[in-house]
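Reader: I am new to reading structures. Please take me through one part of this model closely, step by step.

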Amino acid sequence: VVLVQYRVFPNNHILSQRDEVIKAIEFVRGSDVWKPDFLRECGGDVELILSGHSSGANVGALAILKAVDDGYRLADSWIGLSGVYHIYKHYLWEKARGVHLISPMRGAAELSGGFDLCSPTTILQRRYRQQQASAAEAITTALSLFPTMLVLHGYDDRTVPVSSSLEFAQELVRFGVSSLTHRAFLPDMDHGGPIMDLLLDDCDERSATGRAVVAWQREVHA
């Protein structure tokens, strides 16, 4: 496991965070300095899974989309846990809860050029419209660069509503990533639940999140 740390607002903004994640993955793939012997012996042919929670899921999804734009696959798989994927809608959610003035999200997005540029859902919506006028070959190439995707969210999440992940997953399917997009929406799960689940010993057997991830991996490798 490699834990990626990126700078946060007010010393950074969302698109720069995205770029820092991309640089970290490039380092993981390309550098032998930090690697244990068993990874060095693999010659770099290691399955890489990128995962993030909440705003980290947003940043990770943005990194995946940026790599597709640039013509390569960033990771083999991606897991988004309780993610924020539509910044403007989440801003309205935070405003309704009275926390929008203390949340750094708006400032971090505005420094990046606005909500839409930092929202994977709106990026996919724009790409879908552009896709209608694109050549079939270009569409096929872009789709081949997506990793397998797991969108996971709890129905009892009051910090980031489950609708965030529902909408993002729907846009992935509409864009054409349907065979790669897997969804797990878990009952009785709050915002921090997926992370707490994965901290458990034997989480693949003892937690709903762990069981969902294992089921997804079995399907991917079937």
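Author: Start with a cut-off: a residue counts as buried when its relative accessible area is under 20%. This is a predicted model. Now take Ser 54. Its relative accessible area is 14%, so Ser 54 is buried. Ser 54 sits in a loop, between strand E1 (49-53) and helix H3 (55-70). Its side chain makes a polar contact with the side chain of His 191, at 3.0 Å. His 191 is also among the residues in contact with Ser 54 once neighbours within four places in sequence are left aside.

Next, the aromatic rings. A pair of rings is described by the distance of the centres and the angle of the planes. The count here is 5 aromatic pairs. One of them joins Tyr 85 and Phe 168, and this pair is stacked, with 4.3 Å centre to centre and 20° between the planes. The pair links distant parts of the chain, 83 residues apart. Tyr 85 is in the loop between strand E2 (77-81) and helix H4 (87-96), while Phe 168 is in helix H8 (residues 163-177). Both Tyr 85 and Phe 168 are buried. Tyr 155 and Phe 185 make a pair too: their planes stand at 50°, so the pair is tilted, and the ring centres are 6.2 Å apart. Tyr 155 is in the loop between strand E3 (148-154) and H8, and Phe 185 is in strand E4 (residues 181-186). Tyr 155 is partly exposed, at 41%. Phe 185 is buried, at 17%.

Conventions:
Residues are numbered from 1 along each chain as its sequence is written. This is a predicted model: local features need pLDDT of at least 70, side-chain atom pairs count only at pLDDT 80 or more; totals for chains, interfaces and linings use all residues. Side-chain values use heavy atoms; hydrogens and water are left out. Helices (H or I, at least four residues) and strands (E, at least two) are DSSP runs, numbered from the N terminus. Buried means under 20% relative accessible area, exposed over 50%, partly exposed in between (1.4 Å probe, protein chains only). A polar contact is a pair of N or O atoms within 3.5 Å; within protein, one must be able to donate a hydrogen and the other to accept it, and residues adjacent in sequence count only if both atoms are side-chain atoms. Contact means heavy atoms within 4.5 Å. Rings of Phe, Tyr and Trp (its six-membered ring) pair if their centres lie within 6.5 Å; planes under 30 degrees apart count as stacked, over 60 as edge-to-face and the rest as tilted.
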